[in-house]
Amino acid sequence: MRKVRRAARALFSMRAALAILLLLILACVAGSVIPQGEIAAYYESAYPGRAGWLILLLGLDDVFHCAWFAILTAFLCANLLGCNLLRFPALIRRTRTGFTPERCLSRWDGEAQVETAGAPDALFRRMGFGRVRALRDGEGRECRYAVRNRIGAWGAWLTHLGMLIVILGFALGQMFAVSYSVYGVPGQTKAVGDTGYELTIDDFEVGLRDDETVEQYTARLTLTDTRSGNRTSGEASVNHPLKRFGMKLYQNSTGWAADVRVWRGEELTQQAVLCAGEQLAVEDMEGLVLAFNAFYPDYATDASGAPYTASSRLNNPAYLYTLYYQGRVLGMNALPAGERITVEDCSIAFDAPRSYTLIQIKRDPFTWLAGVGGGVLLLALFVAFYLRTEELWAVRREDGSWAVAGRSAKGGALFQEKLKRLAKQTGRPKE
Amino acid sequence: MGNPMLVRAESALFYATMALYLASMALYFTFFALKRERLGKLAGWALLAGFAAHTGALAVRGVCAGRLPLSNQYEFATSFAWGISLCALIFLWCFRFRALGAFITPVIFLVIGYAALQSREIRSLMPALQSNWLAVHVSTAIIAYGAFGVSFAVSAMYLLRERMEGSAIWREYVPEREKLDLISYRAVALGFLFLTFVIITGAIWAESAWGSYWSWDPKETWALITWFIYAIYLHLRVSRGWHGRAAAIFAAVGFVCVIFTYIGVNTLIPGIHSYA
Ligand code: HEM
């Protein structure tokens, strides 16, 4: 039993807390310096010798989601919880009975002290003590006592609680949050993963300023519950997600899309909307795949022949494509609008370039919990740092002068200095 | 973009600010080296005048851009220097020890010098950056970083105080170590509270802009590292045997992290925040 208790003490000790924080710092440094989430071959080639192998072995390629990081965070939580539980009874006792005139009036050694010629009530006020108790001590002498910010003793405790709530909210979010993305052009309707909802993109607008920089991306969306038939519409723009059916819809990014048509001879055989970056398998000719690599609204080439767009207006549209046949590159080119790619009797053309939108759909049922934790944390830090518990007490001596003493949690020499300064300012410090 | 007259006014105020900060630094050094109280007083006034010119420069830029001047490397660097000046003035006034000026003005001058090297072009904000939360996020970062700048200067004094025990100037003008420790703690406390607020408002903004309040982006991660370092500082202060020197070292390291979070992350590690 004693061993268990000793182990618990060690685990919940400040030293353990500092060690955990240091390890977390190291993990964070690794996670920010080493590119995360790449494939294994990347680390083996990018890092010389055994470094790449070590990175993979230690999980440093995905630090924030690896097991030891989770274990470390669990240790931090255990430590925070343990530390708070261990200190709880003492804190309660301290708040209830720790601040009494009796305790203070018998305590003068080592405390900040001044003497005043008359009653120190003004000094008490200037020191920020509103409610001052006038009483007599065991020897019948006139006394004063005041205490303020008793809650201050709870600052650290509440900070740790806030931290625990934040971590809990974040961890639950990691476990239960879901995220889907849907992209398309106005008029398209697509399923939102396996949620049973369908998203229709009614409209998508890229708002430009006079200098042609983008001011805002706005999508008008309709979300339909395919099970009940309920539908609801609204607008999502950057920084203003749309909240519907307990989900949040974010205007996440955009790009170019175009209609692609395929003809066999003069007969139209296939038609699709293709976003830049997507591929299309030509149905009529097995093994033929068209990749729509990029779109240039105002096509131009630089001195080295590399393509770029001179403006964001549709002055000289061109479609960069690659054509594959049986996995091999058949051709690659920038196709001007209105022209066709021809392969035997098959021809392909791009048309109607327009912006597509990528909508991210998220549901995190625990964001509020992390938010509450954050709020508690902020309040608690304010309590810990700015509501310092302070006591001030005074006794009237036989010669009519008063001895005043005080103590401040975390105030130390500064509190003492303030007491001396204000004693001087309030007038009658004893000569 | 921007009215040319206002742009020129901003430029003039900015250079006046630099000159005044430089003068303040030189005066503080001379005061500290020669024990000339009057020069110390003058240095304080130069710092205050520099701060006023700096506030003017930022206000003019804000009017020019039609928003808070907090959106690119230049704007944030100059605001960062403004934050340190503000906190320095507050601490100089509250704790009445002039020698702090000799240690804090070089930090201010370095940061504003870095700002002077950045492009001053006013650019329109991309949609993700048009957010009130972001404005609160960055404004509070200035105060947090400013307070950490002060704690860095005071901790440096703490660490040097040990070696300068024999120097009459140090004994006369620099408070005892216990007091330095408490002042540094007050600065860290202010910075820590604000940094927490910065991280929380940043998370709120990220949630509304990117759909996720925490995504381990390098800038976020480094803000967290800084936060952890100062948390260690706070705990070292309450641990027996560790407070004092070890805590002061952590406060100094914390500020190096602050600088890295601000400059290093943008230039060395790419991420969502790279445009900031
Ligand atoms: C990220 C995690 C943590 C944060 C942000 C944090 C934050 C704080 C803060 C702000 C204070 C108040 C300091 C002051 O008033 O000067 C404090 C005090 C303290 N912390 Fe933590 N803490 C953390 C983890 C821990 C852990 C794991 C332990 C477990 C041993 C611990 C033990 C303590 C103790 C014993 C105090 C002193 C309490 C007092 O003076 O009343 N902390 N902490």
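**Notes on a predicted two-chain complex with a ligand**

1. Start with the ligand: one of its oxygen atoms sits 2.7 Å from a polar side-chain atom of A:K410. That makes a polar contact in the sense used here (a pair of N or O atoms within 3.5 Å; within protein, one must be able to donate a hydrogen and the other to accept it, and residues adjacent in sequence count only if both atoms are side-chain atoms). B:Y185 also has a polar side-chain atom by a ligand oxygen, at 2.6 Å, and for A:R87 the distance from a side-chain N or O atom to a ligand oxygen is 3.3 Å.

2. Some housekeeping before going on. This is a predicted model, where local features need pLDDT of at least 70 and side-chain atom pairs count only at pLDDT 80 or more, while totals for chains, interfaces and linings use all residues. Residues are numbered from 1 along each chain as its sequence is written, chains are lettered from A and ligands numbered from 1 in the order in which they are written, and side-chain values use heavy atoms, with hydrogens and water left out.

3. Where does the ligand lie? Between chains A and B. There are 22 residues around the ligand, and A:N79, A:H160, A:K410, B:Y185 and B:H235 come nearest (a residue is near if one of its heavy atoms lies within 4 Å). By class, this shell has 15 nonpolar, five polar and two charged residues; Ala, Val, Leu, Ile, Met, Phe, Trp, Tyr, Cys and Pro count as nonpolar, Asp, Glu, Lys and Arg as charged, and the others, Gly among them, as polar.

4. Which element gives the most to that shell? Helix 8 of chain B, with five residues. Helices here are DSSP runs (H or I, at least four residues), numbered from the N terminus.

5. Now the chain pairing. In this model, 48 residues of chain B are in contact with 48 residues of chain A, contact meaning heavy atoms within 4.5 Å. Together the two chains bury about 4200 Å², 68% of it on carbon and sulfur atoms; this is the accessible area (1.4 Å probe) that two parts lose on being put together, summed over both.

6. Chains A and B share two salt bridges (a side-chain nitrogen of Lys or Arg within 4 Å of a carboxyl oxygen of Asp or Glu). A:E417 pairs with B:K179 in a salt bridge whose closest N and O atoms are 2.8 Å apart. On the side of chain B that touches chain A, helix 7 (177–210) and helix 8 (218–238) of chain B are the elements giving two or more residues.

7. Finally, confidence. For chain B the mean is 88, with 96% of its residues at 70 or more. One stretch to look at is residues 272–276 of chain B, where the pLDDT is below 50. For the complex, the predictor gives an ipTM of 0.91 and a pTM of 0.89.

Technical notes. pLDDT is the predictor's confidence in each residue, from 0 to 100.
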